[in-house]
Amino acid sequence: MLVLKGVAASPGVAIGPAVLLPGESFAVTRQYIEPGEVKAELQKIRAAMQKTLGELDACEQKVLSTLGTEYANLMSTHKLILQDPSLKDSVSKKIRTEHLSAQAAIFVTLQELAASFDKIEDPFFKERRNDIFDVGKRLVNNLDGDKREFLASITKPSLLVAHNLYPSDTINLQENQVIGFCTDVGGKTSHTALLAQSLNIPAVVGLSTASKDVQSGDTLIIDGENGLLVINPDKYTLANYRKIQREIKKTEALLKTINHLPVITEDGHAVKLFVNYDPRTDTKENKRLITDGLGLLRTEFLYMNTPHPPTEDEQYQVYLAVAKRFDMRPVTIRLADLGADKLPDFPLDEFDQDENPFMGCRGIRLFLKNPDLMFTQLRAIIRMACEVPAQVKIMIPMVSSVEEVRHVRNAFDQVLKEFELQGKKPVNRVGLGAMIEVPAAAIALDGMIHLLDFLSIGTNDLIQYLVAVDRVNQEVAHMYDPCHPAVGRTINQIIQTAHKRGKKVSICGEIASDVKLLPLLLGLDIDALSVTPRMYLRVKNHIRSVNYENCSDLAQAALLMGSSEEIRNLIEQNDKNEDS
Amino acid sequence: MIQQDIKIINRLGLHARPAAMIAQTAAQFSCDIQLSKDQVQVNAKSIMGVMMLAAEFGSSLRLTADGSDEKEAAAAIQKLFEDKFNEEF
């Protein structure tokens with residue numbers, strides 16, 4: 001038995017026989033042709049190009065419907081590469097003048113192109129070499145009528161081991177018999193990993209030597225939960241993983257059955273469960289989720305890659321489409337949190353690159369210095385609320401003082417009045433709330449709560465500011481700790497202050513999807529959670545399995561504890577008790 | 001023949017999508033269109049060529065168009081850069 005440690009790219013456990021994917025070297029069956037065969041060889045290339053184009057078209061459509069526009073764009077880039085005149089010219093020239101076979105001509109051309117890309121130092125541009133090889137491989141596969149695509153030749157459920165897997169290979173995995181895969185290279189955010197996640201195939205990447213250590217036919221376990229590859233496991237390990245696999249399958253089957261069920265704890269305590277939404281990566285599967293509504297629409301993307309700020313009309317169209325997408329269920333739109341790591345391309349007044357951007361001019365601070373941006377966004381959102389019966393909520397990011405809230409409230413009232421003068425009124429009252437992520441706002445919340453209709457706790461930044469830890473700095477990243485006593489106590493204080501005034505509180509940071517922390521958040525009496533679509537049913541299932549009374553006891557005990565370790569132990573213990 | 005210098009002002013530089021837009025736009029014109037950067041010259045109608053320039057934010061390119069519709073072609077490509085390859089969402 002050999003265990004390799006890599007990067008967990010897509011969750012789940014797969015067990016089965018190994019199939020090794022042949023490497024980047026194309027099997028060139030025939031190197032040269034006779035001069036009389038040139039015409040036929042050129043004809044072969046044209047036919048293969050036509051066929052490949054058809055495949056890419058189909059692939060683009062499939063990706064568009066399952067994975068959203070971001071990945072579909074990748075496929076249209078592949079189409080352009082295929083039709084690139086320099087590819088065509090080079091290949092036909094090699095056939096005509098050097099009398100290379102079609103396969104060899106493509107192979108040599110690709111190698112020449114790859115060599116040029118290898119010279120590039122910027123890793124971002126260097127990566128594109130993969131896209132070119134991907135297209136080239138498809139082309140070669142379509143050249144030879146006899147040579148069936150390798151993946152299609154796998155006849156029984158197998159685990160694919162490859163040095164590197166191209167996005168187009170990955171897209172076709174599901175239709176073939178591949179039930180899991182692992183690669184030597186790649187990271188968690190590589191295209192291949194992201195595609196694996198959306199296809200629900202367990203995957204481990206970055207294993208360095210997997211393709212050398214594995215022989216075709218070896219029994220493998222791909223542990224996509226922990227990023228492990230087990231080669232030829234012993235009896236005990238195999239039995240253990242089969243048990244884990246059964247449990248995961250049970251949970252997955254269960255998840256599908258709870259879509260239409262209410263979000264309540266085992267003892268009937270109800271919370272709202274919203275979904276964070278990004279229109280750029282929406283999928284069919286996401287659309288099937290029955291949710292309480294949209295809990296967080298980040299709007300920064302509207303301001304990126306554009307030479308001018310988005311106009312009221314442009315924004316209105318987007319918000320209208322979002323409200324329709326959510327079938328008029330509640331939608332919460334956050335005013336653009338520009339600044340920090342999200343800088344627009346157009347110039348802004350009084351804006352210089354900050355030394356310390358996360359504590360600099362971002363969120364509402366930036367909007368108050370550029371009131372035109374704020375008014376335009378408020379108008380666009382309220383205009384949408386005048387048109388459709390969705391319950392619309394507007395969230396202010398990076399609030400630290402009551403003065404900021406008052407400024408936005410005044411602007412908000414002014415915009416409402418403008419619409420009133422035109423004889424327009426929101427169908428449902430529009431709520432104005434704040435994202436609580438600055439500790440000062442949490443501590444002095446009682447001074448501003450009367451101006452707010454709701455609160456949302458942005459735990460990612462709140463924790464970062466509370467413990468003064470930059471998550472990107474590797475020296476201190478481990479100190480970013482959701483179990484720190486200060487985190488639970490601050491969340492508690494926010495919820496208590498809000499509830500005294502009858503206002504609701506939601507959480508929209510990553511900890512909302514952390515099922516281990518869920519009992520603590522429920523016990524602190526959180527009213528709503530907003531999570532990514534991928535985690536939605538998992539979180540819902542967990543809420544439905546816990547006991548609210550127990551959660552309350554757990555939270556009360558945690559609030560009295562003075563160290564992360566105690567709190568973590570308490571949570572772990574509770575988790576185990578529930579499992580048994 | 002037209003020659004002009006273009007500065008790259010979109011933050012991500014000439015990554016796949018802008019390269020695709022340049023190649024598609026260039027293909028609409030009959031004139032010969034070349035882009036060059038640091039002694040590397042490529043055909044603007046070739047997406048791979050354009051990507052190969054590895055042109056990042058802040059760098060400068062030279063655009064050369066030669067043919068009957070060179071004026072229109074140069075203007076159309078210049079506009080792509082100016083609009084920062086106005087990406088859809």
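Select chain A: buried residues make up 41% of its 580 residues. A residue is buried if 20 or more other C-beta atoms lie within 10 Å of its own, exposed if 12 or fewer, and partly exposed in between, with C-beta atoms placed from the backbone. This is a predicted model: local features need pLDDT of at least 70, side-chain atom pairs count only at pLDDT 80 or more, and totals for chains, interfaces and linings use all residues. Residues are numbered from 1 along each chain as its sequence is written, while chains are lettered from A and ligands numbered from 1 in the order in which they are written.

Stay on chain A and switch to cartoon. The chain has 22 helices and 16 strands. Helices (H or I, at least four residues) and strands (E, at least two) are DSSP runs, numbered from the N terminus. Now consider contacts, meaning pairs of residues whose C-beta atoms, placed from the backbone, lie within 7 Å. Among contacts in chain A between residues at least 6 apart in sequence, 69% join residues at least 24 apart.

**Stop 1: a helix pair**

Select residues 102–118 and 128–143 of chain A, helices α4 and α6. Their axes come within 10 Å and cross at roughly 180°. Axes are lines fitted to C-alpha atoms, for helices over the stretch in contact, and angles run from 0 to 180 degrees between N-to-C directions. α4(A) and α6(A) are therefore roughly antiparallel to each other. That term covers angles over 145 degrees; under 35 is roughly parallel, 65 to 115 roughly perpendicular, and the rest oblique. Show side chains at the contact: from α4(A), they include Ile106(A), Leu110(A) and Phe117(A). From α6(A), they include Ile132(A), Phe133(A) and Leu139(A). The contact residues divide into eleven nonpolar, two polar and three charged. Here Ala, Val, Leu, Ile, Met, Phe, Trp, Tyr, Cys and Pro count as nonpolar, Asp, Glu, Lys and Arg as charged, and the others, Gly among them, as polar.

**Stop 2: a loop and a helix**

Select Asn232(A), in the loop between β8 (228–231) and α10 of chain A. Asn232(A) is not a glycine, yet has a positive phi of about 45°. Most residues other than glycine have a negative phi. With 15 C-beta neighbours inside 10 Å, Asn232(A) counts as partly exposed.

Move on to α10(A), residues 235–257. Its 23 residues reach 34 Å from first C-alpha to last, close to the 33 Å expected at 1.5 Å a residue. The expected span is 1.5 Å times one less than the number of residues. α10(A) is hardly covered: the count of buried residues is zero.

**Stop 3: chain B**

Select chain B, with three helices and four strands. Its pattern along the sequence is β-α-β-β-α-β-α. Of its 89 residues, 39% count as buried. Click Gln39(B), in the loop between β2 (32–37) and β3 (40–43). Gln39(B) also has a positive phi, about 70°, although it is not a glycine. With 5 C-beta neighbours inside 10 Å, Gln39(B) counts as exposed.

**Stop 4: where the chains meet**

Show both chains. The contact takes 24 residues from chain B and 25 residues from chain A. On the chain B side, α1 (16–27) and α2 (47–52) each supply at least two residues. The largest share, five residues, comes from α2(B). That side divides into ten nonpolar, six polar and eight charged residues.

Finish on Met51(B), in helix α2 of chain B. Met51(B) is buried, with 29 other C-beta atoms within 10 Å. What does Met51(B) touch, not counting residues up to four places away in sequence? Phe125(A) and Arg128(A) from chain A, plus Leu14(B), Ala16(B) and Ala19(B). Met51(B) and Ala16(B) are 35 residues apart in sequence and 6.7 Å apart in space, C-alpha to C-alpha.

Notes. Contact = placed C-beta atoms within 7 Å.
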